[in-house]
Amino acid sequence: MRWTGIIERYREYLPVNDKTPVVTLYEGNTPLIPIKQLSKITGLQVFIKYEGLNPTGSFKDRGMTMAISKAKEKGAAMVMCASTGNTSASAAAYAAAAEMKCFVLIPDGNIAMGKLAQAMVHKAKVIAIKGNFDDAFHLVKGISADYPVELVNSLNPFRIEGQKTAAFEICDFLGDAPEFHAIPVGNAGNITAYWKGYKEYKSAGKSQALPKMLGFQAAGAAPIVHDRIIEHPETVATAIRIGNPASWKAAVQARDDSGGLIDAVSDQEILEAYKILAGAGIFVEPASAAPIAGILKLNTQGYFKNHAAQRMVCTVTGHGLKDPKTAMQDLAQPVAVPADRQTILKMIGL
Ligand code: F0G
C-alpha cells in the first residue's frame, strides 16, 4: 500500500472528517531499527524509532500535519509557535504546504543551525527573543489568545493526536506494545502523546499490553525530576532546554499510570550515548540521545535485571544533521592533501 501520511493511515483514530483538508508531507512510517550494540549492553531487545527520518527531520511532523490541517479546516490564515527549533521547522514547512503565514519565536542563540535554516527557507517570520523557550512560549500563548492566529505548540490538542500515531506504528510493527518505552522530555508533549496512543490502541483491541514509560530530561533542565520550575535551564541538548513544560501534569500521569519513571541525564552522558548511536550508524541530534543515556544509566543501576530479552523502544526524536556544530565540536577537520595516489595510500596505511 502506498504511504500517504499518518492522517490517511490512522484516520479512524484521529479527529478528522471528510471535510478536513489534509495537509501532509507524507510524514510517519518511520523505521523501528534493532540496535545490537545496545541490546548487548543491556540484555534487552533494544529498538530505536528513528523519527529523524520524517520530512522535516523530527517527530514534530506527525503533530503538525494534524495541527495545520485542523487550522485550515477552521479557515485560519496564520499560525504561530514558540520553539527550541524543531517545532518551528515543522510549522514553517506545513504552513508553506498549506499556503498559510507562520510566525515563530525562538530563544536567541540557542537553536541549532539546521533548524533555523529550515524555518527561514520555508519563509516563516522568525523572531529571536532575548529570553529562553519558556519566555517565548508565554508570549505566543498570550498573543494567540488575543489575535486570530492559531497556536501550533503541543498545547494544541491536535498536535498530541498526531504524535500518538508513533505508538500505533510501533505496536503494528512489533505485534504488541513493547515492555519499555524510553523518550526525551522537554515540553512533555511527546511522552503524553505516546501514552495516549498506547492506551487507545489497547482499548481498540489492536494491542494487549502497555509499556512502562521512561522519560529523560537533561540534568540542567529537569523540572519534572526536581518537581519545580527551573528558571535558567541549561543543556547541550538545546531542543529540551525547557524549565516549565506545558504538559507537565500529563507527563507525570503517563509516568505514574505506566509504572515508569522520569529521570535526568547529564550532558556528558547524553554526548556519550550520542557517540554510541553514531557508532551504530545512527545520526541523531543531542536531545535524541537522552533516552539512550537514560537506559544505559538505569542498566548500570540494575533496573533491568529481571527483564532479560524484553523489548525496549527508544524514540530518537530528531536527525543529527539538524545540529552540525555539536557534531563537529570535538572532531578534527579533515586536512587537504595533494590529489595524488601515493599520498592517499600512505594516509590510509595501504
Ligand atoms: N527531542 C527533540 C529533538 C525535540 O525537538 C523536542 C522538543 C523533544 C525531544 C522533546 O519533546 O517537548 O514533546 O517533550 N522540541 C520542542 C520544539 C520544544 O520547540 O521543537 P517534548
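A: The residues of the shell around the ligand divide into eight nonpolar, eleven polar and two charged, where Ala, Val, Leu, Ile, Met, Phe, Trp, Tyr, Cys and Pro count as nonpolar, Asp, Glu, Lys and Arg as charged, and the others, Gly among them, as polar. This is a predicted model, in which local features need pLDDT of at least 70 and side-chain atom pairs count only at pLDDT 80 or more, while totals for chains, interfaces and linings use all residues. Residues are numbered from 1 along each chain as its sequence is written, and side-chain values use heavy atoms, with hydrogens and water left out.

The ligand is surrounded by 21 residues, a residue being near a molecule if one of its heavy atoms lies within 4 Å of it; the closest are Ser-83, Asn-187, Ala-188, Asn-190 and Thr-317. Helix H4 (86-98) and helix H9 (189-203) each supply at least two residues of this shell, helices being DSSP runs (H or I, at least four residues) numbered from the N terminus.

Of the 470 Å² that the ligand exposes when taken alone, the protein buries 99%, with accessible areas coming from the Shrake-Rupley method with a 1.4 Å probe.

The space taken by the ligand is the largest cavity. On a 1 Å grid over the protein atoms alone, a cavity is a set of points where a 1.4 Å probe fits but cannot get out, whereas a pocket is an open set with protein on both sides within 12 Å along at least five of seven lines, and lining residues have an atom within 4 Å of a point. A molecule sits in a cavity or pocket if more than half of its atoms lie within 2 Å of its grid points.

As for pockets, the largest holds about 260 Å³ of space, and its lining includes Gly-109, Asn-110, Thr-235, Asp-323 and Lys-325. By class, that lining has four nonpolar, six polar and two charged residues. The second largest pocket holds about 160 Å³, and H12 (267-279) gives the most to its lining, with four residues.

Note on methods
Points joined across faces, edges and corners; volume = space filled by probe spheres on them.
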